[in-house]
Every structure is written in C-alpha cells, then in structure tokens.
Amino acid sequence: MLVVMQEGAAEPQIQRVIDRLVSLGFTVHRSTGVMHTVLGGVGPADAVDPAEFEVLEGVKECHRIVSPYKLASRHFRPGGTVVRIGAVEIGGPRVVVMAGPCSVESREQIERSAALVAESGATVIRGGAFKPRSSPYSFQGLGEEGLKMMREAADRNRLLVVSEVMDHTQIPLLAAYSHILQVGARNMQNFNLLRELGYQRTPVLLKRAISATIEEWLLSAEYILSGGNYDVMLCERGIRTFETATRNTMDLSAIPVVKQLSHLPILADPSHGTGRRDKVIPMARASVAAGADVLLVEVHPDPDRALSDGAQSLFPAQFAEMMRQIRALAPAIGRPV
Ligand code: PEP
Ligand code: MN
C-alpha cells in the first residue's frame, strides 16, 4: 500500500496515517521527498480499501503497488534515491566512477592503484579482500589484512572504499573498513546475507546474478530495503547467454529498464560485463549514454601480473583515457563527472 501525502502535509497528519497503517497490521516505511512524503505500507494490502486512506486529512492519493517488489519500486520514491557518503552523491546528477583492481594483492599494488584511481578523478576505490572464485584453488583474497591496506591507501588518497562481503558473518569486519558493501553476482540470492544487510546502515552495492531477471534482482533489493536499509544501489555486470565472444553479455537495456521500475541508483560494470579490456571503454561510454549513475571498473597497475581478472583490467593509461572520454561524453546528456 502506498500513501502519498499532499505537498506540505503537517507532521501530525502524517503520523495519523502511520498509526492507522500500523493498527491495520502494516509495517511502515517512510520516504520524505522534496515535494511529498510517501508512506509505504507492507502488509495485508488486499484486505484494505485504498479509499479508506484517501479520505484522511493530508492524504493526496493511495494505491496498491502491483509489482511484487514494493519499496524498490519507483512509486515509493518518484524522485529517485541519492546515496550520500561523505561528499559523494550516488544517484545524483554527477556520474560517479568506482575503480580499482579485482583483488587486493599487496600493499604496493593497492597503494599504486589508489594513487592512479584518485589521480584520474575517480572517487571510490574497489578491491576484493574475500574473493568468490569459481575454483577453490584460485587466489581467495587477503582477508582483513587486505581490507586494512586498502582502507589506508584510500584514506591517503581521499577515496571511499567498496569491497565484497561474502556471507553474513563477515558484515562487521567489512563494515569496519569499507564504506560500501558489495554483494557479488553469486550471492544475489543469498537471502540470509540480504536480510542481515537490511539491518545495517552501511550502503550496499547489489550485483545482478548471472541468470537473474530484473524482477528477481529487484526482489533481492527488496530484502535489504524491507529491513530499513534504503541505501541500496544496483549493478549490472553482465548475464550469461549463448554468446561466447565475451565473458558475459552486458545487458545495457537493464539500465533504462531499472531506472523506470526503481528509484535505486544503477551502476554499470563493463569489466565483468565483457571480460575483455579492449571492450571496457566502449561499454563504459555506452553505459553512461544509457543512463548509468556509476561506472564500476577494474584497473590494475600491472594487469598482466594480476592474481584475478587481469584480462579485463585496464592499464593505468587506458583508465585515464576512459575518464577523459567519459568527461567529454557525460555533459552531452546533462551530467557532470
Ligand atoms: C568482482 O567485482 O570482482 C566480482 C567478483 O564481481 P561479480 O560478483 O560481478 O562476479
Ligand atoms: Mn573481478
């Protein structure tokens, strides 16, 4: 159930609607927009007539949300969500770039990565300390030691950190070092993890699973939102199709589709989306043109020696070139970088 309050509705009027929803068995999620306050009631919507709410003072309109996801729906926040972390705004007019190596490998590697990422104008450094590798014999990440190194390098370069959390027991550790918790493609339907992330207040970057529909992806976001953590961003990172020329098939159409269906910021990861560094810059350009709020890109000081995802990691000079091109392109659609 979605109750949209009139512009300038008084606080006691809003409270009365909340009390009414609660008394009928709804859990209430409040979104205070610039124009309207929207109250999302999750509960027995079929048993309640929206007209009952429309007669309450201060209410503009009330309707049932027909999509299976409710809080992730754009109706809940028509103006869109902006995730604010320090001075960085994700989902606002500015295109944000998050970049760094696939994995944190050593102090020297992450220091060099942070310096090059910051120098080119990105604001967030990425790097996995716990890696979900297809083979148990591949490099699994440096764990807490890696997180510590990355955070130190990030602080020195005034960058924020995004890193992957693989299960719910790791949340406190990750949250101690990382400003954004990444849920990887392989974990998009790890519902215990999603639920637990809903009880945290650290922003979450939720990647699309390799075979997930957009609806399943938004339902996974709903798990987090329904716990009260509204700082969720969605990341398209390529899906599995019959095509073998690229590592994954980057579903660019997901970007405008998600923009329409949901208020959550949308990220594009052309590195995992293509798996090949020569395809990353064109797909980064296309992602920004399609409306992505953020580019998430793998770059490594020495990609040929990377311990994971070297083939899709940009060389430093390529990353600088990508930034140059994005800075030239984004203003054409009214967005600074
Ligand atoms: C990653 O970001 O390095 C990663 C493992 O991503 P994904 O979950 O999209 O494969
Ligand atoms: Mn990777």
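On a 1 Å grid over the protein atoms alone, a cavity is a set of points where a 1.4 Å probe fits but cannot get out, and a pocket is an open set with protein on both sides within 12 Å along at least five of seven lines; a lining residue has an atom within 4 Å of a point. Points are joined across faces, edges and corners, and a volume is the space filled by probe spheres set on them.

A quick word on the model: it's predicted, so local features need pLDDT of at least 70 and side-chain atom pairs pLDDT 80 or more, while totals for chains, interfaces and linings use all residues. Residues are numbered from 1 along each chain as written, chains are lettered from A and ligands numbered from 1 in written order, and side-chain values use heavy atoms, without hydrogens or water.

**Exercise 1. Describe the largest cavity and its lining.**

Step 1: A search of the whole structure turns up 1 cavity of 30 Å³ or more. The largest cavity has a volume of about 40 Å³.

Step 2: Around it you'll find R126, G127, G128, K131, V162, S163, E164 and Q182.

Step 3: Sort them by class, with Ala, Val, Leu, Ile, Met, Phe, Trp, Tyr, Cys and Pro nonpolar, Asp, Glu, Lys and Arg charged, and the others, Gly among them, polar. That gives 1 nonpolar, 4 polar and 3 charged.

**Exercise 2. Find polar contacts of ligand 1, then see how much of its area is buried.**

Step 1: Look for N or O pairs within 3.5 Å. A backbone N or O atom of A185 is 2.7 Å from a ligand oxygen, and a polar side-chain atom of Q182 is 2.9 Å from one. For E298, a side-chain N or O atom lies 3.3 Å from an oxygen of ligand 1.

Step 2: Taken alone, ligand 1 exposes 300 Å² (Shrake-Rupley, 1.4 Å probe), and the protein buries 97% of that.

Notes. Polar contact = N/O pair within 3.5 Å; in protein donor to acceptor, adjacent residues only side chain to side chain.
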